Amino acid sequence: MLILGIESSCDDTAAAVLQGDTVLANILTSQDVIHTKFGGVVPELASRQHLQAVHPVVEKALSEAGTTLDKIDLIAATQGPGLIGSLLVGFSYAKALSMVSKTPMIGVDHMAGHILSIFLSKNPPVFPYISLIVSGGTSAIYLAESFTKFSCLGRTRDDAAGEAFDKVAKLLGLPYPGGPHVSKMAEAGDPDYIKFPRSWLEPDSLDFSFSGLKTSVLNYVNQQKVKNQKISAPDICASFEKAVVEVLVNKTILAAEKYNIPSIAIGGGVSANSKLRELFHHECTLADKVFYAPELNYCTDNAAMIALAGGHIYKKNGSIPLDHDVYSRSSLG
Ligand code: KG4
């Protein structure tokens with residue numbers, strides 16, 4: 001089955017063509033240069049940019065895959081969660097393609113795409129597995145039981161991990177999106193220089209909370225300024241990164257132990273973080289769990305994961321009628 005995937009939930013316009021679970025083309029245009037001067041995504045600018053990008057990105061994906069719209073068997077587009085204006089562009093475009101080409105269409109939950117992105121890698125896990133999804137909009141732990149069955153075991157009660165990275169970056173004057181910049185700067189810092197708090201919440205809780213950590217970084221910077229003392233951005237980045245990564249790894253392994261699941265996979269933009277991957281490798285070995293991490297180009301938003309998820313949903317549930325609408329909150333929790 002030849003599947004065209006379209007993703008436009010936030011600030012990346014992406015299209016991919018898959019033959020079953022095999023990627024033939026995976027195209028993405030980023031809007032980072034537009035949003036970086038505002039220190040975050042401006043929804044109105046994002047949707048306008050998607051309007052310009054969606055057609056050329058889809059054309060490029062089809063041409064790189066050596067195919068044409070009339071040969072596509074299924075169109076899969078992100079239906080939610082995300083910015084409504086952004087989602088509407090990709091989803092409406094997909095509906096129009098479906099209508100003119102009489103190709104079945106499926107709406108895909110963005111979180112399902114991230115959970116299944118591990119199947120774009122060479123050695124995917126077998127079900128069931130625990131999936132940690134950490135991005136700019138979400139931090140959540142899921143139990144993935146099949147290609148279409150996921151239960152949310154814990155989620156952030158306030159900021160997402162990526163959002164915390166982005167806000168700390170902004171505080172330190174680093175560009176948007178901040179995660180990769182904080183991580184790069186952290187390489188020159190001491191992760192034990194500042195003891196930022198770890199928010200474990202109630203014993204056994206699989207929820208996250210990163211807003212207190214973000215405030216601690218802000219307070220630390222302000223106190224140093226008041227005391228006229230130097231601020232070491234590398235030490236702040238390294239100490240902050242360690243505080244985030246420790247909580248993410250610890251709680252994910254706790255979930256795997258609690259539900260007696262042998263495999264752990266990660267996904268979402270923050271899953272590209274090298275310290276997160278290192279600690280997962282180390283702790284999973286100690287806990288006798290097998291760790292799976294997607295290739296870097298499948299961590300951040302992409303359309304290959306949407307096409308893959310769409311193919312599996314279609315096999316189970318069939319296509320959707322074209323009066324379906326986008327949504328801002330995921331039913332997956
Ligand atoms: O999944 P994603 O592309 O989509 C959105 O949520 O929009 O994730 C983007 C997030 C941003 O917050 C970015 O700062 C973060 O992922 N990120 C990282 C790294 N690469 C991207 N955070 C920490 N370390 C990284 N290497």
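Is Tyr220 buried or exposed in this predicted model? Tyr220 is buried, with a relative accessible area of 15%. The legends below begin with the ring pair that includes this residue.

**View 1. Phe196 and Tyr220 form an edge-to-face aromatic pair.** A search of the whole structure gives nine aromatic pairs. In the pair of Phe196 and Tyr220, the ring centres are 6.1 Å apart and the planes stand at 90 degrees. Phe196 sits in the loop between helix H6 (178-186) and helix H7 (211-226), and Tyr220 belongs to helix H7, so the pair ties together parts that are 24 residues apart in sequence. Phe196 counts as buried because its relative accessibility is 5%.

**View 2. Phe208 and Phe210 form a stacked aromatic pair.** Their centres are 5.9 Å apart, with 15 degrees between the planes. Both Phe208 and Phe210 are buried.

**View 3. Four aromatic residues form one cluster.** The members of this cluster are Phe119, Phe127, Tyr129 and Phe147.

**View 4. Helix H7 packs against helix H8 (residues 233-258).** The angle of packing is about 160 degrees, and the two axes are 11 Å apart. An angle over 145 degrees counts as roughly antiparallel, so H7 is roughly antiparallel to H8. The crossing of the two helices is right-handed. On the H7 side, the contact is made by Leu213, Val217, Tyr220 and Val221. On the H8 side, Ile236, Phe240, Ala243 and Val244 take part. The residues of this contact are eight nonpolar, no polar and no charged.

Methods
Residues are numbered from 1 along each chain as its sequence is written. This is a predicted model: local features need pLDDT of at least 70, side-chain atom pairs count only at pLDDT 80 or more; totals for chains, interfaces and linings use all residues. Side-chain values use heavy atoms; hydrogens and water are left out. Rings of Phe, Tyr and Trp (its six-membered ring) pair if their centres lie within 6.5 Å; planes under 30 degrees apart count as stacked, over 60 as edge-to-face and the rest as tilted. Helices (H or I, at least four residues) and strands (E, at least two) are DSSP runs, numbered from the N terminus. Buried means under 20% relative accessible area, exposed over 50%, partly exposed in between (1.4 Å probe, protein chains only). Axes are lines fitted to C-alpha atoms, for helices over the stretch in contact, and angles run from 0 to 180 degrees between N-to-C directions. Angles under 35 degrees count as roughly parallel, over 145 as roughly antiparallel, 65 to 115 as roughly perpendicular and the rest as oblique. A crossing is left-handed if the near helix is turned anticlockwise from the far one by less than a right angle, and right-handed if clockwise. Contact means heavy atoms within 4.5 Å. Ala, Val, Leu, Ile, Met, Phe, Trp, Tyr, Cys and Pro count as nonpolar, Asp, Glu, Lys and Arg as charged, and the others, Gly among them, as polar.
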